[in-house]
Amino acid sequence: MKVLLVDDSKTMRNIQRGILTQLGYEQIEEAVDGEDALVKVKAFGPELILLDWNMPNMDGITFIREYRGSGAKIPVIMVTTEAEKSRVVEAIKAGVNNYVVKPFTPNVLGERIQETLSRMAA
Amino acid sequence: MDSQFILPFVDSVTNVFETMLQLEVQVGTPSIKPPDAKSHDVSGIIGMSGDVEGTVVLGFPNNTAERAVAVFTGMEITADHEDFADAVGELVNMVSGGAKAKFTNRKVSITCPSVIVGSHHTVTGRKDVVTIHIPVDCDLGAFSVDVSIRDAAAAEAAA
């Protein structure tokens, strides 16, 4: 499965890449902000996107609105420090399929990925 | 400063270090930061705006920061490595994000983090806002969270 990691922090991309690799995901691409992600989704064709919220140039919420606006249905999980309920609701309304609050354990990220993919497959 | 804005930082720094670094921390008694407070070698800084505004500084001695980054990233990197500041920035980002989620009935935005690396620097917040110094200790060494924020929503309502 192809996974696109979108986060301006190289540290967080590395951590998430490590967890994904342990979970058996091998095709992983990275984007550093929403603008970069809009380019990479076309070139890479991800089947799952992990998306940070606060990023320079284009943040995650703007990305998801543009991405869903283009008709894309690929599952997107927001992985962010934005933990308020209002933010979660805003992100879900904008089109994300699931939500992970930083800090997270590898288990939580793995569970949310499985949960999201199962829901999409149902 | 109201304790409702300090306790969330105590909880958040504990949660971030326990979850991401598998490290137990001991948080000391928060106090008003004195003018002659110890300087930092590494500072991760986040700005807050909206109903609560100001800055949050995660300040470390160099050795503690390098050890924390090594545990966090799984890589032994020194403070002059290009990825070092990114890791420190992500730590202060998570501490600040976790804290602001616990501010009751306040809508707050946080900036992308800035990181200062340089021996014995000090970070000064707004002159009209008291800085609360939260000392933290762990197996990697001592560090601090300095919170210099004001309740802008309450100040506006009182004006």
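**Chain A, then the cores**

In chain A, 61% of the contacts with a separation of 6 or more link residues 24 or more positions apart, a contact being two C-beta atoms, placed from the backbone, within 7 Å. This is a predicted model, with local features needing pLDDT of at least 70, side-chain atom pairs counting only at pLDDT 80 or more, and totals for chains, interfaces and linings using all residues. Residues are numbered from 1 along each chain as its sequence is written, while chains are lettered from A and ligands numbered from 1 in the order in which they are written.

Chain A reads β-α-β-α-β-α-β-α-β-α along its sequence, with helices (H or I, at least four residues) and strands (E, at least two) taken as DSSP runs numbered from the N terminus. Of its 122 residues, 39% are buried, meaning 20 or more other C-beta atoms within 10 Å of a residue's own.

Now for the cores, which are sets of buried Ala, Val, Leu, Ile, Met, Phe, Trp, Tyr and Cys residues joined through C-beta atoms within 7 Å. The largest has 40 residues, and Val88(B), Leu91(B), Val92(B), Val95(B) and Val145(B) touch the most other members. H3(B) gives the most to this core, nine residues. A second, separate core of 25 residues takes in Val3(A), Leu5(A), Trp53(A) and Met78(A), among others.

Terms used
Buried ≥ 20, exposed ≤ 12 C-beta atoms within 10 Å, placed from the backbone.
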